[in-house]
Amino acid sequence: MFVSINWIKEYVDLSGLDIKKLINSFTLATAEVEDIIVKGDDLRDVVVGEILSIENHPNSKKLHLLKVDGGDRIYDVVCGAPNVRENMKIAFVKAGGRVPAGEITKATVAGYESEGMCCSAFELGLSDDKAGLMEIDVDAPNGTNLKDIYPIDDIIFEVDNKSLTNRPDLWGHYGIAREFAALTDRELKPLPLSDLAYDGDNKIKVTVGRPDLVYRYSCVKMDNISKNTSPLSMQIRLYYCGMRGINLLADLTNYIMLEMGQPTHAFDANKIDEIVVDTPKEDCKFITLDNTERDITTDTLLIQNGSTPVAIAGIMGGLDSEIVGDTNAVVLECANFDGVSVRKSSSRLGLRTDASARYEKMLDPEMTVTAAKRFAYLLQDIDKGARVASLLTDEYVRKYPEIEITFDKAYVDKYTGIDIFEERIVKTLTALGFGVAKDGESFNVKVPSFRATKDVTIKADIIEEITRIYGYDNFSIITTKSPLKPVKSSPVRSQSNEIKDILVKHYNLHEVHSYIWCDVRKYKKLGIEVEDNVKVLNIESSDNGTIRNSMIPTLLNAVSENKDYSESFGIFEIGRVADGVKDDGTANERRRLGVVLFDKTVSEKDLFYKAVSIVNEVFSQIKHKAPVLSKVSPAHAWQHPKNTASIACDGVTLGSINTLHPANAQKLDKNGVAVCIEIDVDNFVTVSGNNISFEEPSSQQSTYYDLSLVMKNGVTFAQLSECWNSLNLAELNSVKVIDTYQKDGVNSLTVRLLFSAKDRTLEMDEVQAWIDTILANLKNIGIELRA
Amino acid sequence: MLEKAQALKAQFEEKVNGATVPADLEQLRIEFLGKKGPISSLMGELRNIPNEQKKEAGQIINDVKQFIEEAIANKRTELVKLEEERLINSAEDYDVTFPIDEVKGSYHPITLVQREVEDIFAGMGFSIEDYDEIVDDYHCFEALNIPKHHPARDMQDTYYLSTNQLLKTHTSAAQNAILKKYTKELEADRPIRVIFPGRCFRNEKIDACHENTFFQMEGVMVDKDISISNLIYFMKTMLSEVFQRDITVRLRPGFFPFVEPGFELDIQCLICGGDGCPSCKDSGWLELCPCGMIHPNVLTAAGLDPEKYTGFAFGLGLTRLAMMRYGIKDIRVFNSCNLKSLSQFENATFVEPEKEVK
């Protein structure tokens with residue numbers, strides 16, 4: 001919103017103050033100022049001139065040769081404007097003067113010398129009207145500086161609309177002036193108003209059909225209006241504040257909106273007999289004054305003349321009842337509609353106007369009658385003949401409750417941490433329009449109607465009023481007196497961090513972040529079907545409408561998009577999935593670790609075992625435990641039917657490790673292989689960790705024994721282990737696979753068993769006896785020593 | 001005896017000079033000083049020498065023996081040294097500038113920034129919490145004093161789910177649950193000091209400056225006498241740590257339904273120092289984090305008595321902070337999964353070397 005300092009000065013005396021400093025304190029105390037624009041600097045030596053004579057230019061059909069009285073002498077001017085006439089008073093720049101486009105110099109135009117320029121309002125930077133010369137509309141002698149008769153010099157500042165969202169009172173200059181008054185400790189002058197004196201008994205009938213959507217509807221008729229353009233000074237002000245002069249009545253309604261924040265609407269009185277404020281019984285069409293046909297639904301509040309719609313309440317008037325140049329009587333609507341209803345209608349219609357933007361903020365219904373009085377005052381000031389032609393109709397349907405708040409000084413002290421004097425508190429609140437009474441230690445504060453629609457309701461709101469005017473720069477910066485306590489990071493955070501460290505530092509993996517929803521298009525490229533899961537109802541691309549139920553597909557997408565990064569890399573993410581819905585119908589949100597390894601340089605088998613080592617390392621580093629991997633049938637179609645295993649610990653399934661189904665593997669890459677790990681971090685965290693149990697290393701010699709075994713299809717290493725684990729030997733320290741090889745389709749492997757005892761050096765006989773038992777066990781599952 | 005000894009000495013000297021490797025010396029030692037060597041036999045001859053000459057003869061033999069031992073030791077030192085020199089001269093000269101192809105892992109930039117900020121807050125006594133991404137209307141809005149018809153709840157801002165839930169639009173969605181979780185602490189006179197970073201979602205069109213998925217971090221502190229002055233202190237201290245220099249902050253009124261009063265906190269522009277530059281749009285200030293005193297309705301919704309307790313809350317855009325920290329101009333980098341960008345974020349530390357205390 002653009003704010004004119006000249007306008008503010010009508011209500012607050014700002015003389016002797018540094019305006020830019022003041023605007024800065026407005027930013028700190030009230031709302032953010034985004035820009036400050038100094039107006040009038042680019043205009044110099046522009047005076048009132050009078051066209052004394054007009055001759056056609058001999059060489060041009062468009063140009064005229066003028067004699068212009070510039071006050072000091074008569075000037076020869078070549079002018080192209082179409083609206084020149086004798087004795088017309090215009091804005092004249094003598095050579096050497098300046099307009100926004102640049103300095104004016106003597107020039108020869110089509111063979112004739114021109115000693116200056118007659119200007120349009122556009123050329124002066126006072127309007128976007130380029131149609132012809134701007135005609136001076138006040139009495140001033142020729143040669144009078146234009147800046148002395150019009151408010152050309154001004155400072156305009158732009159307030160960020162978003163920072164006014166919660167301040168309905170600041171959507172007009174008068175409300176902003178109140179802030180300046182409070183900030184400067186100066187008086188806020190009242191608005192000059194008409195008393196709407198009227199002798200007759202004519203009164204416009206108003207019926208409110210939807211009292212739930214209307215707070216107040218006031219209107220009055222005015223007639224005998226003869227002027228149809230507003231004064232230039234008003235037009236300049238409107239233009240500086242971002243609006244365009246249209247005609248007197250439309251300009252006045254805009255002026256009042258910018259002044260008070262109250263939108264008003266002027267209907268052509270000839271089109272209005274009685275007013276009905278209601279929603280239509282059925283959907284209908286309506287042409288708004290921007291000449292656009294709108295679809296009106298049954299929950300859109302309309303203003304109707306009887307049963308004919310004439311405006312969309314709070315948003316825009318209709319084309320039919322629009323004020324035109326020769327309108328001589330108006331019905332002025334000053335109303336207060338429900339903000340939520342206006343916002344909904346406005347977004348449904350895709351039609352956001354200055355009026356609707358204001359209503360959305362919950363305006364003060366007390367303003368409607370004041371606005372009508374202000375309109376009448378301004379109209380009669382400009383057009384002396386205009387008359388009030390009806391009694392004021394005022395349907396005050398709903399009122400906001402009056403709000404009174406009681407608090408004491410101790411509360412202020414506690415909330416602020418500093419000592420703001422009582423007089424300061426009273427002065428600030430009074431300046432802001434609050435009624436303040438002291439009752440012993442208590443302050444009883446009455447919230448003014450313009451702050452009571454939603455903005456100020458509780459004690460904490462009052463604190464804000466006091467402190468923002470006091471100035472946050474004047475606060476102390478002090479730490480708390482709160483006691484110390486130990487700081488704990490939640491296990492899920494600390495263990496997630498540990499997992500990340502292991503993956504990045506031990507395995508050189510890269511952490512990525514992918515979206516929580518499935519991208520159907522990308523899934524398709526890899527041949528992955530999106531499985532049914534929780535849906536996002538309103539996403540711009542319906543392709544993304546499903547929440548992921550596994551981390552792996554989104555990571556596979558990422559791998560696919562990074563294939564040119566390296567021949568061998570791995571990525572991971574700790575993110576969220578929805579693993580279906582819970583019994584109560586809500587999404588089963590889980591924290592998951594997803595890892596995908598990709599490699600063009602090793603076999604799938606080697607990569608699979610690398611993945612296994614990663615899983616083992618994560619468990620051993622964080623839990624001092626080993627996970628149990630066991631083959632399972634795949635839960636997802638993209639998992640390999642054979643090479644998918646579950647990861648469990650302490651009997652709880654925590655995740656899976658798998659290679660890809662050939663269909664997906666082929667689509668991912670013809671030459672590269674991928675292996676996936678997914679671990680449920682929430683479950684992982686619940687697995688208790690083993691403590692480190694320290695043992696003194698044995699000082700006795702250890703003995704090892706190598707067994708080269710011929711493997712049989714279908715026998716797992718876990719089954720082999722059982723053959724020696726079943727002996728429960730304290731002396732068997734470790735078993736390692738030291739060699740594997742394949743010959744003629746037969747797999748062999750060599751394991752090294754390491755024996756030692758704490759208290760003695762082992763005898764060969766002793767070890768041999770154990771080996772014999774182990775070999776017997778192996779034989780039972782069909783495993784023999786290699787010949 | 002003397003002649004014999006001198007002959008022996010001469011014989012030894014000739015041989016020792018001819019030794020080229022330490023093994024030769026060992027042989028010489030056995031040859032001359034061994035049980036069957038000449039020194040031994042000379043010692044044996046002492047028996048035949050008259051008693052009055054024995055002492056002198058013994059001395060002569062000992063001198064020779066000592067001479068041989070020393071000579072061997074010296075020669076050994078000399079040979080070892082020669083051998084070492086030979087090894088050095090023949091050693092390969094390694095090229096320390098030779099490029100080593102090291103594969104390094106990387107963290108997501110958000111993780112790095114998050115850890116850094118978490119450390120700062122942990123140092124100031126804040127606990128770190130984690131929260132859901134899928135939440136319900138109550139936690140995201142209702143409990144935060146955001147009324148039913150507030151524009152923030154519109155479909156164009158919030159992703160609603162088929163489960164009657166939504167993707168959280170701000171980390172504040174955790175406030176209610178966290179305040180409740182720590183109520184017991186508060187009742188035991190221990191203040192609530194918690195930060196909770198998290199991923200948030202807004203229904204926005206993505207471009208270089210806008211993402212629909214981004215990270216925030218929220219912090220709250222609640223105790224019996226928490227004031228606006230405390231809020232300013234914590235913000236200033238925290239931000240000075242984050243940016244590792246003394247930061248000037250200012251508060252402006254800002255409206256957020258869950259705080260009252262609410263503020264926009266600006267920091268003096270880090271690039272121009274407040275004089276005005278393109279980064280701060282000539283204002284000298286950068287809008288950095290919204291904050292405020294927790295709204296009494298929010299405390300009440302969490303079961304805390306606003307007459308008894310007050311507190312402050314603040315939000316920090318972690319994604320934005322990471323952009324500032326690393327000079328990332330395009331926000332899309334974060335969710336791109338593009339390793340050409342992301343692999344650059346090795347475990348970087350930003351701590352300035354500590355200055356020596358004098």
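In this predicted model, chain B contains twelve helices and nine strands, and an automatic or database assignment divides the chain into domain 1, covering residues 2-90, and domain 2, covering residues 109-342. The C-alpha centres of domain 1 of chain B and domain 2 of chain B are 88 Å apart. The overall dimensions of the chain can be read alongside that separation: the C-alpha trace of chain B spans about 130 × 50 × 50 Å along its principal axes, and its radius of gyration is 41 Å, whereas a compact globule of 358 residues would have one near 21 Å. Of the 358 residues in chain B, 41% are buried, and among contacts in this chain between residues at least 6 apart in sequence, 67% join residues at least 24 apart.

Within domain 1, whose bounds are 2-90, one can begin with helix 2 of chain B (residues 22-33) and helix 4 of chain B (residues 51-90), which pack at an angle of about 170 degrees with their axes 9 Å apart. Because angles over 145 degrees count as roughly antiparallel, helix 2 of chain B is roughly antiparallel to helix 4 of chain B. Helix 2 of chain B brings Pro22(B), Leu25(B), Leu28(B), Arg29(B), Phe32(B) and Leu33(B) to this contact, and helix 4 of chain B brings Lys65(B), Ile68(B), Ile72(B), Lys75(B), Arg76(B), Leu79(B) and Val80(B). By class, the residues of this contact are nine nonpolar and four charged, with no polar ones.

Turning to the partner chain, 73 residues of chain A are in contact with 63 residues of chain B. Several elements of chain A each supply at least two residues to the side that touches chain B, among them helix 2 (19-29), helix 13 (491-506), strand 28 (568-581) and strand 29 (587-599). The residues on that side of chain A divide into 33 nonpolar, 22 polar and 18 charged.

Note on methods: Residues are numbered from 1 along each chain as its sequence is written. Chains are lettered from A and ligands numbered from 1 in the order in which they are written. This is a predicted model: local features need pLDDT of at least 70, side-chain atom pairs count only at pLDDT 80 or more; totals for chains, interfaces and linings use all residues. Two residues are in contact if their C-beta atoms, placed from the backbone, lie within 7 Å. Helices (H or I, at least four residues) and strands (E, at least two) are DSSP runs, numbered from the N terminus. Ala, Val, Leu, Ile, Met, Phe, Trp, Tyr, Cys and Pro count as nonpolar, Asp, Glu, Lys and Arg as charged, and the others, Gly among them, as polar. Axes are lines fitted to C-alpha atoms, for helices over the stretch in contact, and angles run from 0 to 180 degrees between N-to-C directions. Angles under 35 degrees count as roughly parallel, over 145 as roughly antiparallel, 65 to 115 as roughly perpendicular and the rest as oblique. The radius of gyration is taken over C-alpha atoms; the globule rule is 2.2 Å times the number of residues to the power 0.38. A residue is buried if 20 or more other C-beta atoms lie within 10 Å of its own, exposed if 12 or fewer, and partly exposed in between; C-beta atoms are placed from the backbone.
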